[in-house]
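Work through the exercises below with the sequence and the model in view. Each task is followed by its solution.

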Amino acid sequence: MEEFLKQCQQSGDAAYGALRSLLEKLEDPKTRRDARVFLSELHSRVGSSDDCLSKYHFQIQDILLDQYQGYRGRKKLTMMVIPSIFMPEDWSFTFYEGLNRHTDSIFKDKTVAELGCGNGWITIAIAEKWSPAKVYGLDINPRAVKVSWINLYMNAFDEQGQPIYDEEKKTLLDRVEFHESDLLAYFRERDIQLERIVGCIPQILNPNPEAMSKMITENASEEFLYDLSNYCALQGFVEDQFGLGLIARAVEEGIAVIKPAGIMIFNMGGRPGQAVCKRLFERRGFRVNRLWQTKILQAGDTDISALVEIEKNSPHRFEFFMGLSGDQPICARTAWAYGKAGGRISHALSVYSCQLRQPNQVKMIFEFLKSGFEEISSSLDLSFEDDSVADEKIPFLAYLARVLKEKSYFPYEPPAGCKRFRNLIAGFFKAYHHIPLTSDNVVVFPSRTVAIENALRLFSPRLAIVDEHLTRNLPRQWLTSLAIETAENGLSGDVLTVIEAPRQSDLMIELINKLKPQVVITGISHFEAVTSSAFVQLLDATGEIGSRLFLDISDHFELSSLPGSSGVLKYLSGTPLPSHAAIVCGLVKNQVYSDLEVAFVISEEKAILRALSKTVEVLEGNTSLISQNYYGCLFHELLAFQLTDRHPLPERRSEKPKSVEMIGFATSAVSVIDNAELSIADDQNTLIHMDVDQWFLPVPPAVKAAIFESFARQNMAETEIDVTPCIKDFVKRNYGFQTDSSTEFIYSDCSQALFSKLVLCCVQEGGTMCFPAGSNGNYVSVSKFLKANILNIPTKSEDSFKLTEEILNKALETVKKPWVYISGPTINPTGLLYSNKEIGNILTACARVGARVVIDTSFSGLEYDFEGWGGWNLEACLSKLSSSGNPSFCVSLLGGLSLKLLSGALRFGFLALNQPLLIDAFYSFPGLSKPHCTDKYAIKKLLALRAQEGGILDVVKEQTRNLESRAKRLKEALEKCGWEVLRPSAGISMVAKPSFLNKAVKLSNSLKDTGEGKKNGTYEVKLDDSTIREAIVKTTGLCINGGSWTGIPGYCRFTIALEDSEFEQALDCLVKFKSIVGN
C-alpha cells in the first residue's frame, strides 16, 4: 500500500501507471480477488477528500443512487477519478435524472452504448438499474477507458472480492464493456447495431481545430488528454457555430448504427437556445421528446467571449440566465458583462429522447451523404410540422440517395416516359381502382397543359371544344379565332379554333350536339364525378358524332391509400375505354411542391398512344426524369405494402370503334411519325443508343450533390433559384453574347421545347425555317410537325458541310422572312466547329436580309482543342450588325446545359430573346414546361462551380479528353468497316458515310420481329438513307441516325457519350454489320 501511494504521489502520470498495473491484476482471474480487496483498503485509507486528488492524483468517491425515484437496486456506486478525465458533475447527474424519466423497460435486455463515458459511472449505473443485455461505455481518452474498467471491477465485486449477482444471476462484468473509441467508431468498424445510444457530450464554446492534431496516446500529457475528452476540434457541421458540432457528429454516426426502433438520449446545454438544440435532431429526421430540464451554474472558468463574437456577427442570440432563480433569458453579451461584474450566470440543461420517424429511409439518406457527399449534409432538413409532408419527402430523398449512390449514370428512357414510372401508374390503377392497365396504356407528359396542347396539335381539328378550366395555357390565337365554318367556306384547314365551354355535362353535351367538334377536352364537375352517368353521356355524345374525347380527371385523382370515389374510374374497372376516348391526368397533388407537375394520358388504343408518345419526343424532347421519379416514389409507397396479383384482373380487349368516321391525325403529324427517325421501341432494353443526344457517361459527384441538395433543402430563397444572373454571365463568358435589361430569358426542361415555341412564332409571322444540310434532324422534325415553311440549305463536302456566307447569300435571295437555324459553336451532327470569323460572316449575311437567327448552343461546351479553336466572342459583331443592319434582324440564343454539366438526368434549356415583338409572340404560346425550383437551384450551384478553376471544370476537361479518345477509336473502327468518316472537333456526335450504299443485302429478322416461336425470316433491302438505320438496328441492336436525319446525303450520325460497356458493344456491332453486308 505504502509503495503504491508513494508512486502515486510523484505525478499524475506515475499515479496512472500504478493504476494500470492494478487493472492488470483485476483482469487476471487469479489475482482479481486480492486486487479488489486492495481497492477496498485503498478507499478506507485515503477516503474521498479533495486533498487525495491533489496529493495522490486520484480520488475514490461514492455516488448515491437511492435518491432517484423508483430505484430499488444498490444504494451507491464507488467510483475512482483521475485529473486527466472528466469528473462526475452537475451535467452528468442531470443527465442521469433525465434517463430516469423513461420507463423501466427503456434499457431492459437492450444493447446500449454511452458516448463520452468518462470514469464510467453512468454506464455502470445503467447496467445496475435496468439490466440491459449489454452496455458499452466509450471514450476517446484511453485513460478514461482504463479507469472505467477499474470502476467496473470495483462495483462488480464486493469489498471481499466476491462477485455481486443480480436477479438474473449475472454480474456487471456480464453486462458492461468499455472501449476506446472516437464516438461510435468502435461499432461502425465492427458493424454492431445498437438499440439505445446515450450521451452526455460537452459543447465546445471556442473550438480549436488544432486541438486534436497530435497523436492520441495514453502517455500524452494530462492537459492534452483532458482537452481531448472535451473534443476541442471543429467537427465540420453547421452546428459548430453553436458549439454543438460534436453532438451533431454523434447523432449522424448514431443513425448508421442504431436499429430502426432504436432511441438516442442526449444531454444538451441550453446556451444556444432550446430551438437550436431541438432542431439539431429534427433536421436529421428525429422525433424529439424533452425528458427533463433544469438549470446549472456556468462554470466560472468557462470563457463565453466566443459566443459574444458569434452574436456580434449574426442575428442569433444565445440563452443564459442571471443566477439559478432568473427566469428571463439574457444574451451572451449581457451574460459576459454580468459575469465580469461578479454575477453568477446559469444556463438550461435538457435531456432529449429522440427516435427516427422513418428509420430505414433516413439511414439510406445518411449512407449516401457519408459516401463522399458530406459537404451537403448541412443543407439537409428533415424537420416537418406536418407528418404527411414527412411521409412523402423522406421516402423520396431515400430513393434519390439510393439511385445517386448506386448508379454512375442515368440510362436511356423512352419518350413515352420511364418504364418504371408507367408500370407504377398502371399498378396503382390495378390495385386501387381495379382497372387492368399495363405500362403500354400510359404516356407521360411534362404537364397537363402540354398533354392537352400536344393532343390538339396531333389531330389539328377544325373545331375543338375545351373545358373553360383547361384553356388558360392554350395558344392565344386558338382562343380568338372565329373560323368555325372552315370546311364549308373553303378557308385554310390549318386554322384551329377552340371554343370554351362550361364543365357542367348537360351544357357541354348541348354544345357538342350543336357545334359537332372534332375534339372535345373536358373535366367533370365535382357534383357529377361521384357517378359515371355524366362520363357515359359524354362518351355517347362524342361517339355518335365521331369526336375524339379527352377527359381530364386531375381534380378527382387522389394519390392516397384510401382514394375517394370516382365514377369515371368505377366505369373503367368494368368497361374498356372506347377507342375514341382517352383519360388525361395532371399530377400536382403532392404535399411538398405545389408546382412540381407531371401528367399522363391513358388510352386502350395503341395507335393513339404511339402517336402521343411521338408528340412528346418531337415537341418536348423529354419529360423531366427527376419529376417522374418523384411521383414514381409516391406511387411506389402506395403499392409497396400490397400483395401483387392477389385478385388478378381479367384481360380485356379494346372496344371495336363504331362505324362513325372520326378525325385522324394531322397530315404533318403522320408525315413525321411515319418518316422521321424517332425513337425505336425497345421493351427489353437491349438496344444501344447512338441516336440520342444524351449523356450516359458517369455523372460527376458535384452534379449528384447538387441534385440531392436541391431536394434536401427547405424554404429556398428566391435569390437561390434565380438562375438568370448565372445564365447571363455564362453566355457572355462563353459566347460574348451581350444582354441588357430588355433581354428576356426563358427556361424549360429541354431546349427542344423552347425551339418548338420559336417555330410557332415563325409560323405565326409567316416566316420560313432555314436549315443547313447537316442540322439536328429532331429540330427539322419539329418544324415539319408544326407545319412551318422549310428551306433546306445545301452545304458542300469541301466545306465539311458547314454553312458559309456565300451559300447563305444565294439561298436567302428569294426567301421572305427567313428564320435561320445555326447549331454552334459545335455543330450537331458533324461535331465540327464554327470559328468566330465564320459565325461573324454568317451573321453578316443574315443581317443583310433581315433574317431572324436562332443559334443553338445546346451541343457546345465540349471542344477537344479549345485553345486551338479560340472560342466565340459575338459582342463586337452583333453590336455592329444591330446598328447598321436590317431592323428585323435579331439573334436568339438557344441553349441546354445537360451536356455542358455532364448531368444526365438534370436537363435545363434556356432561350435569350432580344426583340420585343418576338418576345410578345413567344408568350402568346404559354404552354411551356418550365424547370422546377429544385432544377434551378441545382443549375445555379453547378454554373457557379463551373466558373471556378478545378472541381467540376476539371471533370469536364477530363471527360472531353475521353470523348476525343472515343471519337478517334470510333473513326478507326468505322474506317476498318468501310465508312468514310468526317473527324469531329467537339461534342458527342460525328458523321460517316458507308461505302456500301445502294447495295442490296439480305437481312435476318429477330424472333421479336417475326413472332414468338417462328423461325427467323429474311428480307432483302437496298441500303440507302431511309433504310440503313432499320437494317443496322434489326441485325445488330445498334441505333444510329441515317442520312434522312442528318440532311447530308449518305452520311449517318453516331453519338459517343455511351456507358463504357455499351460503347464497346457498339464497336462490335459495326464489325458484325460489315460481315452481314459482306455476305
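Two residues are in contact when heavy atoms lie within 4.5 Å. The model is predicted, so local features need pLDDT of at least 70, side-chain atom pairs count only at pLDDT 80 or more, and totals for chains, interfaces and linings use all residues. Residues are numbered from 1 along each chain as its sequence is written, and side-chain values use heavy atoms, with hydrogens and water left out.

**Exercise 1.** Place G1042 in the chain, classify its burial and list its contacts.

Solution. Step 1: G1042 sits in the loop between β30 (1038-1039) and α41 (1043-1046). Helices (H or I, at least four residues) and strands (E, at least two) are DSSP runs, numbered from the N terminus.

Step 1: Buried means under 20% relative accessible area, exposed over 50%, and partly exposed in between (1.4 Å probe, protein chains only). G1042 has 0% relative accessibility and therefore counts as buried.

Step 2: With neighbours within four places in sequence left aside, G1042 is in contact with E677, D1025, I1028, R1029, Y1051 and C1052.

**Exercise 2.** Locate D386 and decide whether it is buried, partly exposed or exposed.

Solution. Step 1: The loop between α15 (359-369) and α16 (387-406) holds D386.

Step 1: D386 counts as partly exposed because its relative accessibility is 38%.
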